[in-house]
Each structure stands twice: as C-alpha cells, then as structure tokens.
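Visitor: I would like to learn how to read a structure of this kind, feature by feature. Please show it first.

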Amino acid sequence: MTKKTNQQWGGRFSESMDGFILKFNESVSFDQRMAFEDIEGSVAHATMLGEQGILSKEDVDNIHQGLQQIKDDIQNGTFQWSTELEDVHMNIEARLTDLVGIAGKRLHTGRSRNDQVATDIRLYTRKAIDSLRGELKLLMNGIVGLAEVEYDTIMPGFTHLQSAQPVTFGHHLLAWFEMLKRDDERLLDCRQRMNRSPLGAAALAGTTYSINRQRSAELLDFTEPCANSLDAVSDRDFAIELSSAAAILSMHLSRVAEELIMWNSVQFQFVDLPDRFCTGSSIMPQKKNPDIAELIRGKTGRVYGNLVAMLTLMKSQPLAYNKDNQEDKEPLFDTIDTVTACVHAFAAMIPHIKANRKAMRQAAKDGFATATDLADYLVKKGVAFRDAHEIVGKTVALAIDKQCSLDELSLADLQAQHSAIEDDVFDVLTVEGSVSARNHFGGTAPNQVKQAAMAAKQWLNG
Ligand code: ARG
C-alpha cells in the first residue's frame, strides 16, 4: 500500500485526501509564520509533562533538542515545509519524530491542535502588539518633537473645513498625539485580556492526564490559564479585539494622512513633505505627490475589511473549536503587517515635515479667525453674547467689503460698530493675541502647548 497523505491522523481512513481538497484544507502556507511560537508552546508543554512525571526526562530532553534543531533549520531556511502535513503544528511534529523518534510521538500527550493553535496565535499576537506599540511610541515621539518646535506657530483651526479660530500647529500635532495615546492604551488593554493560556484545554474538554496548567502558563509568560476549556479553544475574540484596536488606529492614521495631503497641496501650502516620502508624476513634471500619506489613508480599507471578516467568521459558531477558525489567520496577519508598516512609515516621515509658517499664519488671518475673540471682547465690555455675535457678523461683512482682515480695520470703523470698542481691541484681533488668550489646560496658548509637550514626553519616557 502506498503511503497515505494523512499520516498524522490516517488511522481510520481508507484513502488519501483528494488532491484539490488537500490544498483547500491546508494552512501551512500561512500559519508557518507562527513556527517559533509553536515551538515555544511545545517546549513549555513538554517541560510541564516532564515535571508531572507524564514524560520521562529522556523524552523531554530529546523533544527539547529536536525542537531546537527545527528552530535552527527554520531560521536557516532549510526546513522542508509540506502541504501534505496540513499545518505548522503537524509539520513540526512530524519533523520532530523524524529527528528524535518515539519521543516526538509522545509530545502530543495531553494536548490537541485546538489548544495548540489557540496558544500559538496568542503568543504571536502578543509579540505583534509589543512591536506595534514600539513603532507607535517612535511615531508619537516624532510628533511631540515637532510640536515642541512649532509650539507657537499659528495656523487656522478648522470646523467644517472652514477657518474657525487660530490655533498653534503644536497644539494640532498634540491632538494627533492624544489620539495615538488612546490607541496605545487600547493595544495594552487587549494584550492584558489576551494573555491567558489555553494549553491543557486539549481538544475541548480538558485531558485525563494530571497536567499542571498553571505551570505551562507560567513558562509561557501568560498571567494565568484560561478558566474554561471550551472557551479556551473556541474563541478568537482576542484577535478580533486586536483587529478592532488596529482599525481604530488606522482610522486615526487616515485622518492624519488626509490633513497632510491637504496641507501639502498648492492650495494650502501649509507643509512641505520631504521628497523621499513623495513621488512624481510620469506625465506632469510639476507634481510632487503625497503618495505615502495616500497609501496609508487607503490601507485603512483593508484593515476595516479584515475586522469585518473576522467578526463574521466567528459569528454564530457553536462551541467549541470549528475549522472556520483557520480563517482567522490571514486577516489577522494582514492587519498586523499593514498597521505596523503604516505606523513605521509615518514615524519616519512626520518628524521631517517642514511647516510653512508664513502660509499658515496668513491663512489664519484671511479667514477672520479672530471673530469670536472680538465677540468675547464685547461681552467682557458688558454686551450680551447674542448681540455681540450680531455686531461682529456685521464687522466681518465690513472687512469683506474693504478686503482686509479684522485687525486691519481702523479704530473708527470698529467703534462705528459699537461704542464700547477701545484701542485695546487690537490685542484680541491679532492671531497671536487670540491663541495666547486660550490659556488654560488643554488650550492652544503657546505656553500651554509647551507644557502639554512636556507632559507627553514624560508619558513616553515613563
Ligand atoms: N490549522 C488549524 C487552525 O488553524 C489548526 C487546528 C486544527 N484542528 C482541527 N481539529 N482540525 O485552526
């Protein structure tokens, strides 16, 4: 009889797997990226089995040695992956048995691929969160650095994309920082909830051996074992949670990207993006396109898509493990790769953005952005806010008529609008006066921005 393809579980089968179905069913082409986590999990499992007297010391030593050899081979690129062996778990186990014989066949005592894969994904995801958070810190560091330089650079703040009130560029940058800080908190929160060990849940119901689940959890730096074996093998909520945190992070990156794209346009000219992060046009020689920011904005789509794919694959699945869950990996890995690369790209680019201070300041002046300041000035002189609003509306109309900014109107013109206006009005009509007056925690006054940047740095170094 020829060798069956399904060597690892072929006992009850009378024929090999269909050729097309073999490819349809396999996951090794994408789950081999969890090979080191699979080995880590197996090392801990074997150690625990040895300590419990379930495996002999000799078997455990052989298993550890064999797994080390496999790790080396994978690192060197000499490991032979086989689709016939379906997934990363069976590829490694089969090779282990080739290398160390009977001890390799004993490794799967008291476990199943179901708790094994659930463990591998958690270990992989945990590492991915750590490296994503590292990239995020670099990006945030770059943003704070730029905010410190631009702490008193004046630009228009927008609502409805209309010039609203002057702000400082540093203040705007620190708004990005706050968004990303919450993303970091979400990632950490997700890591903590995910950091529990499924090992020992076996296929679904636990195992008849006297295993020590606390010990294997501890060996893998999990905080504790999952409390219910059915839940441990069946849920992928932790991967969905990471995908969701990543989707929110991508949404934030897309907003940053969008602003940079607009500000880099000839119409705004607020910023100049470094050449090495832009591309030219093959037909229009004058163009310098913000492709990298656009790509980051565009990649948000696949990150959202991956989240929806994972929510949908989990939906209505009865307990416990179902093969549907093999579909979690490609979207999860794609999300991790995509978001990590986007954060990395922005971390490299954002510290080198050049602010065009003149254009920013001019835009703040052109948009009558100090109109609210004039209204507040009148209120402080005893005018009711609604009346002040009306008066300032008329003053803006006058400035439009005269084609000048509010602070370019003469005192006589201003006093004609309301007799309470005196020559101290010009202190509030300038864009500098306007931002300096918003001098409270979370406000845009340059000295507040300086303090906020200091607090941000402290948080980063904390
Ligand atoms: N490749 C599978 C996955 O990714 C591993 C677990 C398979 N378990 C099973 N009973 N078929 O989920």
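Visitor: What should the 17 residues of helix α3 span, at 1.5 Å a residue?

Guide: First, the ground rules. This is a predicted model, in which local features need pLDDT of at least 70 and side-chain atom pairs count only at pLDDT 80 or more, while totals for chains, interfaces and linings use all residues. Residues are numbered from 1 along each chain as its sequence is written, and side-chain values use heavy atoms, with hydrogens and water left out. Helices (H or I, at least four residues) and strands (E, at least two) are DSSP runs, numbered from the N terminus. The expected span of a helix is 1.5 Å times one less than its number of residues. Helix α3 covers residues 35-51 and should span 24 Å; its end C-alpha atoms are 24 Å apart, which agrees.

Visitor: How many residues of α3 are buried?

Guide: Buried means under 20% relative accessible area, exposed means over 50%, and partly exposed lies in between (1.4 Å probe, protein chains only). In α3, 12 of the 17 residues are buried, so the helix is mostly covered. Among them are Ala35, Glu37, Asp38, His45 and Leu49.

Visitor: Which helices do the buried residues of α3 pack against?

Guide: Packing is read from contacts, meaning heavy atoms within 4.5 Å. The buried residues of α3 pack against α2 (28-31), α4 (57-76), α5 (88-100), α7 and α9 (213-219). After α3 comes Gly53, whose phi is positive, near 75 degrees.

Visitor: Which residues make a nonpolar surface patch?

Guide: Patches are made of residues with over 30% relative accessible area and no salt bridge; like charges are joined within 9 Å, and nonpolar side chains (Val, Leu, Ile, Met, Phe, Trp, Tyr) within 5 Å. Accessible areas come from the Shrake-Rupley method with a 1.4 Å probe, and for residues only the protein chains shown count as cover. Here Phe20, Ile21 and Phe24 make a nonpolar patch of about 370 Å². Phe20 belongs to helix α1 (residues 19-25) and is exposed, with a relative accessible area of 59%.

Visitor: How many salt bridges does the structure hold?

Guide: Side chains of opposite charge can pair when their charged atoms come close. A salt bridge is a side-chain nitrogen of Lys or Arg within 4 Å of a carboxyl oxygen of Asp or Glu. The structure holds 32 of them. In one, Lys457 pairs with Glu148, and the closest N and O atoms are 3.1 Å apart. Lys457 lies in helix α20 (residues 446-461) and Glu148 in helix α7, so this pair ties together parts that are 309 residues apart in sequence. Lys457 is partly exposed at 34% relative accessibility, and Glu148 is partly exposed at 35%.

Visitor: Where do Asp183 and Arg186 lie, and how many residues apart are they?

Guide: Both lie in helix α8 (residues 169-194), three residues apart, and are therefore separated by about one helical turn. Asp183 is buried at 1% relative accessibility, whereas Arg186 is partly exposed at 30%.

Visitor: How do strands β1 and β2 run?

Guide: Two strands pair if DSSP finds at least two bridges between them. Six bridges join β1 (residues 154-159) to β2 (residues 162-168), and the two run antiparallel. Thr159 has Gln162 in β2 as its bridge partner. The strands form a hairpin with two residues between them.

Visitor: Which backbone angles deserve a second look?

Guide: Most residues other than glycine have a negative phi, and most peptide bonds are trans. His160 is not a glycine, yet has a positive phi of about 60 degrees. Leu161, in the loop between β1 and β2, also has a positive phi, near 60 degrees. His160 is exposed, at 74% relative accessibility. As for peptide bonds, a cis bond joins Leu319 and Ala320, with omega about 0 degrees. Ala320 sits in the loop between α12 (291-314) and α13 (329-349).
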